[in-house]
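Biologist: I'd like to learn how to read a model like this one. Could you walk me through some of its features?

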Amino acid sequence: MEDAVVVKDLTRVFGDFVAVDRVSFSVKRGEIFGFLGPNGAGKSTTIRMLNGILMPTSGQAHVLGFDIYTQVDRIKENIGYMSQKFSLYDDLKVIENIEFYGGIYQVAKQKRQQRYEWALRMAGLTDKREAITGALAVGWKQRLALGCALLHEPQVLFLDEPTSGVDPKSRRDFWDLIGEIADRGTTVFVTTHYMDEAEHCDRLGLIYRARLITIGTPEELKYGSMPGTVVEVEASDPVRAADLVRNVNGVLEAAVFGANLHVVVRDKKEGIRTISRVLAGAAIEVTSIRPIEPSLEDVFVSLIRSEDLADENGARDAAGS
Amino acid sequence: MWERIVQIFKKEMIQIFRDKRMRAMVFLPPIVQLIVFGYAATTDVKHISLALLDEDRTTVSRDFVEKFEAGRYFSVARYLSSPAQADVLMDKGEVDAFIYIKKGFEQAIKKGDGADVLIVVDGTNSNMASVTLGYVNRIVNAYSEEILTEKVMRLASLRSGSSVPVLIGPTVLVERTWFNEDLESRNYFIPGIVALLLTLIAVMMTSMAIVKEREVGTMEQLIVTPIRPIELIVGKLLPFAVIGYIDVALITAIGTLWFGVPLKGSIPLLFFSTAFFLLPALGVGLFISTISATQQEAMLSTFLFFFPAMLMSGFVFPIDSMPPAMQIVTYADPMRYMIHILRGIFLKGLGVRYLWVDFLGLFVLGTVVVGFAVMRFSKRLK
């Protein structure tokens, strides 16, 4: 089956400002795809182009095989969208909001009642159906908005910063919900700037200053983006150990981290073997030696840094020539 | 298509009638306007206070003064002893007019020579001054005629001795006003309030309701749904048409039953013409929503449209008195047609036979404005 979202060289320019710069990627059906990046990087602009709110300046994109230039209507019928504002009508009752969106999406008449009950249950608002929406706590509003966006059982669900301004407990609950929705086969396209949320995604794209810097599963990003594996060594004399290990073949870098030693090796297995042998030979006692996982945050920070550095160099080269 | 329109309509009605301020916007303005135009804002000139200086002090001069005091228009506020006193009173605005009867008034009349009376009117309010002068002229003419008739009769009976007097009178202009016999300004204004309020509701409430959705972010949510622009527009405008009708009924009921404004024409025609007027008015509201980012902006833009439109509509100032260039501009003002239709229906009982030009004007203007606004609105959605 073809991918749910296919984007090629998508670009959007506002005046002099390039909000999205030749972004290309695709989202597989049924996966949770995360669009990660700082505020203003171009996440929302991309999502808005895919939803038909905004016209691209150039480039191609298809959602569920429908062209975003010519088949916007077909796209809209088959997607759900929820933004950070949880665009509900605050002065309507919970059930009135649900009925309104159900009517707008023209949910089949015989299915309507069942879908409304489902949305109420999912949002945990079954006994608050008559409450005025504006009076609900943020977490509830968020789930009600999600329920409204899913009434028509869309194939792709777009979530634009769905958890901003929501407390940590509600955020966790929300991600559990997203997991359930994806398990039922709905493709989820979500933007966020929370690193911990990125871990919930099947695949991630990092967007920074309008450009897509990297894309992959969280594991691929953590290991693939680093030049080697990080090995943490607990040793009796870390300073001397670092000096010893640094000159060994296959070790890229070694540094003392608190009481421990962090060694970046080209090959994980061979690196560990070599380090153990060298340290044993020097009569340094090793209590533990194990590879450690770099956090996504570390990966992204380092990627963003190298991106900035490349930009600066580029600017300097341009100025020098 | 209808399903979505009904959904938007229903939602809008719930929102309007659940919001205390919006509810007030539906019922309060018509009542306030009716009170203002029914009671306070009257251009009728009554209770003109006079300063009187009668140097003649004869039965004839007293008789003359009585003519002023008899009617409901004048009342003598001050009796003066010298003309200089009048200056002060006029400056202070304590009196509106000053009548000065010089010594020898009686003698002059009895002799048959013309007798002079000086009348000074405060011209600060030009409208009031000219009306006052009109009243004065009417009273003086009536008085002269009386004297003349008396004289002629006496002469005739003296000559012929017969019982049938020969009447030779001057040509007399008989004034009669049609359609608003008492020249009550409320009869003139209250039908116009219908147009005034329909404009406010259709332009301000509509544009604010649309802009509010954009401000809150629900518009974006709607754009992502498969709703078509035309469904959204119709669903969004219809509630304000309904409210417009509620207000037309309210104004007509209070205007005729409480203020006694005549409604000579047909009520169905009144409601029919409301629809024609709502077309351009809602179009302007929709257009303003496309140029305003916030509700405040929408409100300001509404007034930028509303005041010129009202002033050029003939609601207060007659279009016939405007310079020709301005008169042409008024053809672009939907209120102009509606005011004419309303006064025609209320005061003259006119039918389509006489009003079709105004209906046509509204229809053409409405189609153009709505067409343009819908185009802009749909484009903004994309």
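Predicted model: local features only at pLDDT ≥ 70, side-chain atom pairs only at ≥ 80, totals over all residues.

Biologist: Start with the overall build. How many helices and strands does chain A have?

Modeller: Chain A has 11 helices and 14 strands. Helices (H or I, at least four residues) and strands (E, at least two) are DSSP runs, numbered from the N terminus. The C-alpha atoms of chain A fill a box of roughly 80 × 55 × 40 Å along the principal axes. Of its 321 residues, 38% count as buried; that takes 20 or more other C-beta atoms within 10 Å of the residue's own, with 12 or fewer for exposed and partly exposed in between, C-beta atoms being placed from the backbone.

Biologist: How do I read two helices packed together?

Modeller: Two packed helices are described by the angle between their axes and the distance between the axes. Take helix 3 (residues 94–104) and helix 5 (residues 138–150) of chain A: their axes come within 9 Å and cross at roughly 25 degrees. Axes are lines fitted to C-alpha atoms, for helices over the stretch in contact, and angles run from 0 to 180 degrees between N-to-C directions. Helix 3 and helix 5 of chain A are therefore roughly parallel to each other (under 35 degrees; over 145 is roughly antiparallel, 65 to 115 roughly perpendicular and the rest oblique).

Biologist: Which residues of helix 3 and helix 5 of chain A make the contact?

Modeller: Val94(A), Asn97(A), Ile98(A) and Tyr101(A) of helix 3 meet Leu144(A), Gly147(A) and Cys148(A) of helix 5. Contact requires C-beta atoms, placed from the backbone, to lie within 7 Å. By class there are 5 nonpolar, 2 polar and no charged residues. Here Ala, Val, Leu, Ile, Met, Phe, Trp, Tyr, Cys and Pro are nonpolar, Asp, Glu, Lys and Arg charged, and the others, Gly among them, polar.

Biologist: And a sheet?

Modeller: Look at strand order, then at what packs on the sheet. In chain A, an open sheet of 4 strands has the order 12-13-11-14 with antiparallel pairing; strands pair if DSSP finds at least two bridges between them. Its edge strands are strand 12 (251–257) and strand 14 (286–292) of chain A, and the twist averages 20 degrees from one strand to the next. Strand 11 (residues 229–235) of chain A pairs with strand 14 of chain A over 6 bridges, and Glu232(A) has Arg290(A) as its bridge partner. Helix 10 (residues 268–281) of chain A lies across strand 11, strand 12, strand 13 and strand 14, at about 25 degrees to strand 11 of chain A.

Biologist: What about backbone angles?

Modeller: Most residues other than glycine have a negative phi. Gln106(A), however, has a positive phi near 50 degrees. Gln106(A) sits in the loop between helix 3 and helix 4 (109–123) of chain A and is partly exposed, with 17 C-beta neighbours inside 10 Å. Ala283(A) also has a positive phi, about 60 degrees. Ala283(A) lies in the loop between helix 10 and strand 14 of chain A, and is exposed, with 8 other C-beta atoms within 10 Å.

Biologist: Last one: how many residues does each chain bring to the contact?

Modeller: Chain B gives 18 residues and chain A gives 20. On the side of chain B that touches chain A, helix 1 of chain B gives the most, with 7 residues.

Notes
Residues numbered from 1 in each chain as written. Chains lettered and ligands numbered in written order. Contact = placed C-beta atoms within 7 Å.
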